[in-house]
Amino acid sequence: MKLLKFAPLALAALVSMPALAVEKSILVYADVDPTLELLQSDGSALPPSMEMSYLPGAGLQPTRLGTRVFSNDTDKDMTIRLITSPVLANMTNPASTAVPLSVTFGGRTLSTTGVAWSAADLFPGGDPTSGSIEQLLEVKQTTVGAIATAGRYEGIVSLVL
């Protein structure tokens, strides 16, 4: 009989217990310009990061990525430039000297003043769905050579088309 007194209480406890579940959230975002975009050669978004390997005594090895420009106006010339001159700063030893980087696009060195590209050179076929001809985006150490201070070096390369 005593067990029956507690049965409603036990049932209420079971009903009020939350079901075991795991909730996950993923941030989905898109930067939209209805007229112009820079993507990887296969049409996917540019990666959020690129790793440069370090060869002791020789310096940082260049990192490269095949890209294409997509535009809804393949007759319009374009200019590409860097927002700032990129450098790698040592995150573990901030007092150490930063490492200047150089960026090329399609073999042409980029700067903060911009490099002009003609539509005829980028879009020789004039088809906006396939994008421009492939352009190699390369980031490299400006003055190739050994880096004296160990640590994790990070920097941002920002482009404007």
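Thr74 is found in the loop between strands E4 and E5 (78-82), where helices (H or I, at least four residues) and strands (E, at least two) are DSSP runs numbered from the N terminus. The residue is buried, with a relative accessible area of 10%; buried means under 20% relative accessible area, exposed over 50%, and partly exposed in between (1.4 Å probe, protein chains only). Not counting residues up to four places away in sequence, Thr74 touches Ala119, Phe123, Gly126, Asp127 and Pro128, contact being defined as heavy atoms within 4.5 Å.

The model is predicted, so that local features need pLDDT of at least 70 and side-chain atom pairs count only at pLDDT 80 or more, while totals for chains, interfaces and linings use all residues. Residues are numbered from 1 along each chain as its sequence is written, and side-chain values use heavy atoms, with hydrogens and water left out.

Of the 161 residues, 27% are buried. Among contacts between residues at least 6 apart in sequence, 77% join residues at least 24 apart. The accessible surface amounts to about 11,100 Å², with 59% belonging to carbon and sulfur atoms; accessible areas come from the Shrake-Rupley method with a 1.4 Å probe, and for residues only the protein chains shown count as cover.

Strand E4 (63-71) is mostly covered, 7 of its 9 residues being buried. E4 runs antiparallel to E1, to which 5 bridges join it; two strands pair if DSSP finds at least two bridges between them. Within this pairing, Val69 in E4 is the bridge partner of Leu38. A further 5 bridges join E4 to E10, also in the antiparallel sense, and here Gly66 has Leu136 in E10 as its bridge partner.

E10 also pairs with E7, antiparallel and over 5 bridges, with Leu137 in E10 as the bridge partner of Phe105. Strand E7 (residues 99-105) is mostly covered, with 6 of its 7 residues buried. Strand E6 (residues 87-90) is joined to E7 by 2 bridges and runs antiparallel to it; Leu88 has Val99 in E7 as its bridge partner. The pairing of E7 with strand E8 (residues 108-109) is antiparallel over 2 bridges, and Arg108 in E8 is a bridge partner of Phe105. E7 and E8 form a hairpin with 2 residues between them, and Gly106 in the turn has a positive phi of about 60°.

Gln135 lies in strand E10 and counts as buried, at 5% relative accessibility. Leaving aside neighbours within four places in sequence, Gln135 is in contact with Leu65, Gly66, Thr67, Phe105, Gly106, Trp117 and Leu122.

An open sheet of 3 strands has the order E9-E5-E12, with antiparallel pairing. Strand E9 (115-117) and E12 stand at the edges, each with a single partner strand, so one side of each is left without a neighbour in the sheet. E5 and E9 are joined by 3 bridges, and Thr79 stands opposite Ala116 in E9.

Pockets were identified on a 1 Å grid over the protein atoms alone: a pocket is an open set of points with protein on both sides within 12 Å along at least five of seven lines, and lining residues have an atom within 4 Å of a point. Grid points are joined across faces, edges and corners, and a volume is the space filled by probe spheres set on the points; the probe is 1.4 Å. The largest pocket has a volume of about 1,500 Å³. Its lining has 39 residues, of which Pro47, Pro48, Ser49, Met50 and Val157 are the closest to its centre. Elements that give two or more residues to this lining are E1 (36-40), E4, E10 (135-141), E11 (153-154) and E12 (159-160), and E1 gives the most, with 4 residues. By class, the lining has 27 nonpolar, 6 polar and 6 charged residues; Ala, Val, Leu, Ile, Met, Phe, Trp, Tyr, Cys and Pro count as nonpolar, Asp, Glu, Lys and Arg as charged, and the others, Gly among them, as polar.

The second largest pocket holds about 180 Å³ of space. Its lining residues include Thr35, Leu36, Val69, Ser71, Asn72 and Asp73, and also Lys76, Asp77, Met78, Leu122, Phe123 and Leu161. This lining has 6 nonpolar, 3 polar and 3 charged residues.
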